[in-house]
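Keep the structure in view as you read.

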Amino acid sequence: MAAIQQLVRSAPAAELRGSVLGYRGFHFGVRGPRRRLVVPDGVVKVMLGFGAPLDMVDAVEPGAVTTATSLVNGLRTTAAIGVHRGLLHGVTVLLSPPAAYRLFAVPMAEWAHLTLDPGDLLGHGAGQLTERLAECPDWPARFALLDHALATRLRTGPRVHPEVAWAWGELRRTDGRIRIEDLATGTGWSRRHLERRFREQLGPTPKGAAQVLRLQAALRLKRAGMSWTLAATGAGFHDQAHFSHTFSTMIGCTPGRFHDARSSGGGPDDSLDFLPEHVTSVLLAR
């Protein structure tokens, strides 16, 4: 079992709130490989690392392994597995999907399902920022540096269309339970046009984003003590069979296996969740 040496959370500067959801500084030591399943959660994560590299692979359709010290995960609709074997040290920036589009200024659909090095999207500036973060004397200095760097870039980046921002807001407000046809009607666009713009600026289709948000709603209800059946119904799934199928296609295991792994790996209050109101990860057996 890895000993947590440091885990420091911080809110961004006031001008960034709503775009930057938080910072998460970490410094872990590992004895042997550590495997963590990272769940789709509607948040874009930028990990800027200055320790040992991390391996990432899709949990549902394993393919090529991405190995890097710094990583970016877009608005994924399937889980990923991260493996590290040494000193994991760095800071994770948690972004809303509209802010990620502004930050990276590239079509999100091209990479949202991938795990990339930040340099692939931001160029050599990402490496320079990581080096400066590593040289900071403490976490407050690192968070202040991130505030400045992100504010500078977000001020000049492209903004999502107001219709896309509204659709994303409605999906979040309803935990993904609004009908896609109603989203299209609300924007004044056709469903096809909404899907195209949504994918370009946020990554998945509106339906894919809705599934992520319904999944998170079910996980929160389960964490609150409901059975899987009641949690699935409360999150808007047709029935237990529908929920179990969706869960397996998104996470790569059954709800029961996930719950068992999460309980044995730290319980429902696992401090390694990226955001307190989300169920974002589970420690897997070696």
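Predicted model: local features only at pLDDT ≥ 70, side-chain atom pairs only at ≥ 80, totals over all residues.

The volume of the largest cavity is about 340 Å³. Its lining takes in 19 residues, and the closest to its centre are Val-38, Met-47, Leu-54, Leu-88 and Phe-274. Strand 2 (20–29), strand 3 (34–38), strand 4 (44–49) and strand 5 (54–58) each give two or more residues to it. So do strand 7 (71–73), strand 8 (80–84) and strand 9 (88–95).

The structure holds 2 cavities of 30 Å³ or more. The second largest cavity contains about 60 Å³ of space. Val-38 turns up again here, lining this cavity together with Val-39, Pro-40, Asp-41, Val-43 and Lys-45. Asn-73, Gly-74, Arg-76 and Thr-78 line the second largest cavity as well. By class, its lining has 4 nonpolar, 3 polar and 3 charged residues.

Now turn to the open space. The largest pocket has a volume of about 510 Å³. Its lining counts 24 residues, and the closest to the pocket centre are Leu-21, Ser-96, Pro-97, Trp-168 and Arg-172. Helices contribute here. Helix 1 (97–104), helix 5 (162–173) and helix 8 (206–223) each supply at least two lining residues. The pocket lining divides into 10 nonpolar, 7 polar and 7 charged residues.

Key: Residues numbered from 1 in each chain as written. Heavy atoms only, no water. 1 Å grid on protein atoms, 1.4 Å probe; cavity = no way out; pocket = protein on both sides within 12 Å on 5 of 7 lines; lining within 4 Å. Points joined across faces, edges and corners; volume = space filled by probe spheres on them. Helix = DSSP H or I, 4+ residues; strand = E, 2+ residues; numbered from the N terminus. Nonpolar A, V, L, I, M, F, W, Y, C, P; charged D, E, K, R; others polar.
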